[in-house]
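Student: I would like to learn how to read a protein model step by step. Could you take me through one, giving the general idea before the particular case?

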Amino acid sequence: MTSLSHDRYCDEILAQTDALRAVLTGADLTATVPTCPDWTLRELAVHVGGAHRWVGEIVRTRASEEFPEDEVAGFGGPDGDDPAALDAWLAEGAAATVAALREAGPDTEVWTWAWERSTAFWARRVTHETVVHRADAALAARVPYTVDAQVAADTIDEWLRIVSYVQERGDDPEANELRGGDRSLHLHATDVPGAEWLIELGEERFTWRHDHAKATVALRGSLTDLMLVFNRRLAPTSDRVEVLGDAELLDFWLERSSFG
């Protein structure tokens with residue numbers, strides 16, 4: 001599986017934001033988010049919308065260094081607690097960021113915190129930031145959550161690339177532990193042919209590829225549920241997934257890739 005096109009990411013940012021807004025409509029915005037217990041549902045929404053605006057400014061200004069959050073207009077959300085104002089603020093921020101991304105195209109050089117200094121990085125990152133936090137919102141509002149198969153698969157791909165980058169950087173003690181012991185993890189989607197990942201913990205670092213192979217531990221379930229477990233939004237003990245083999249290794253991976 002390959003990453004999506006720039007236009008598709010832009011479309012998804014809008015679609016995922018609309019889906020998040022639908023979850024928030026009529027929900028108790030003071031409810032605690034179980035997977036982000038420091039936040040209420042409203043605070044989660046403000047985090048997502050603020051991130052959208054921050055990236056929009058990075059792209060719009062062609063920033064060559066990190067853009068200060070306190071210089072981003074509307075970063076902290078709308079004034080007051082009016083749900084309608086929050087909804088409009090989310091929609092406007094996503095639309096402005098997508099407009100900036102579309103105007104710039106995928107290959108414009110801008111500051112990022114990662115391995116790739118391009119607008120393509122931000123289009124992908126904002127998509128999956130919104131995908132995962134929409135899952136948080138759905139859990140808090142106790143409503144069903146589904147995501148397109150291509151998007152779910154790319155969410156897993158991108159997270160593996162982020163964890164790999166953090167390990168390559170060498171300054172995160174937990175990521176540094178994701179190595180050694182000739183151990184491996186296999187993710188196997190039961191509802192999407194070919195949606196499989198093999199993660200191998202080598203002596204120096206971990207590597208991954210799309211492959212079907214026997215591993216130390218296997219995680220099986222729907223592609224959406226695999227993505228949720230991998231992003232620590234669904235417990236591996238859930239009856240929606242099946243863990244075969246060394247469950248402690250899966251826990252080890254999830255605990256040490258929990259930054260971000």
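This is a predicted model: local features need pLDDT of at least 70, side-chain atom pairs count only at pLDDT 80 or more; totals for chains, interfaces and linings use all residues.

Student: Which residues have the most contacts inside the largest nonpolar core?

Tutor: The general idea is that in soluble globular proteins, nonpolar side chains tend to be buried together. Here the largest nonpolar core has 65 residues, and those with the most contacts inside it are Trp122, Ile156, Leu223, Met227 and Trp253. The largest share of this core, 10 residues, is supplied by helix α5, which spans residues 149-169. Another core, of 16 residues, lies apart from it, and among its members are Cys36, Leu44, Trp89 and Leu90.

Student: What does Ile156 touch, if residues up to four places away in sequence are not counted?

Tutor: With those neighbours set aside, Ile156 touches Leu187, Trp197, Leu223, Leu226, Met227 and Phe230.

Student: Is Arg60 buried or exposed?

Tutor: A residue counts as exposed when its relative accessible area is over 50%. Arg60, which has its place in helix α2, counts as exposed because its relative accessibility is 52%. The side chain of Arg60 is joined to that of Glu57 by a polar contact of 2.6 Å. Arg60 and Ala96 are 36 residues apart along the chain, while their C-alpha atoms are separated by 9.4 Å.

Student: Now for the strands. How many bridges join β3 to β4, and in which sense do these strands run?

Tutor: To read a pairing, one looks at the bridges and the direction of the strands. Six bridges join β3 to β4, and the two run antiparallel, with His186 standing opposite Leu198 in β4. Their hairpin has six residues between the strands, and in it Gly194 takes a positive phi near 85°. Strand β4, residues 196-201, is mostly covered, since five of its six residues are buried.

Student: Which residue stands opposite Leu201 in β5?

Tutor: That residue is Phe206. Strand β5, residues 206-209, pairs with β4 in the antiparallel sense over four bridges, and these two strands form a hairpin with four residues between them.

Student: Is Ser184 buried or exposed?

Tutor: Ser184, found in strand β3, residues 183-189, is buried because its relative accessible area is 11%, below the 20% cut-off. Not counting residues up to four places away in sequence, Ser184 touches Leu198, Ile199, Glu200, Lys214, Ala215, Thr216, Val217 and Leu249.

Student: Last, the cysteines. How many disulfides does the structure hold?

Tutor: The structure holds zero disulfides. Cys10 is buried, with a relative accessible area of 0%, and Cys36 is buried as well, at 13%.

Technical notes: Residues are numbered from 1 along each chain as its sequence is written. Side-chain values use heavy atoms; hydrogens and water are left out. A nonpolar core is a set of buried Ala, Val, Leu, Ile, Met, Phe, Trp, Tyr and Cys residues joined through side-chain atoms within 4.5 Å. Buried means under 20% relative accessible area, exposed over 50%, partly exposed in between (1.4 Å probe, protein chains only). Contact means heavy atoms within 4.5 Å. A polar contact is a pair of N or O atoms within 3.5 Å; within protein, one must be able to donate a hydrogen and the other to accept it, and residues adjacent in sequence count only if both atoms are side-chain atoms. Two strands pair if DSSP finds at least two bridges between them. A disulfide is a pair of cysteine sulfur atoms within 2.5 Å.
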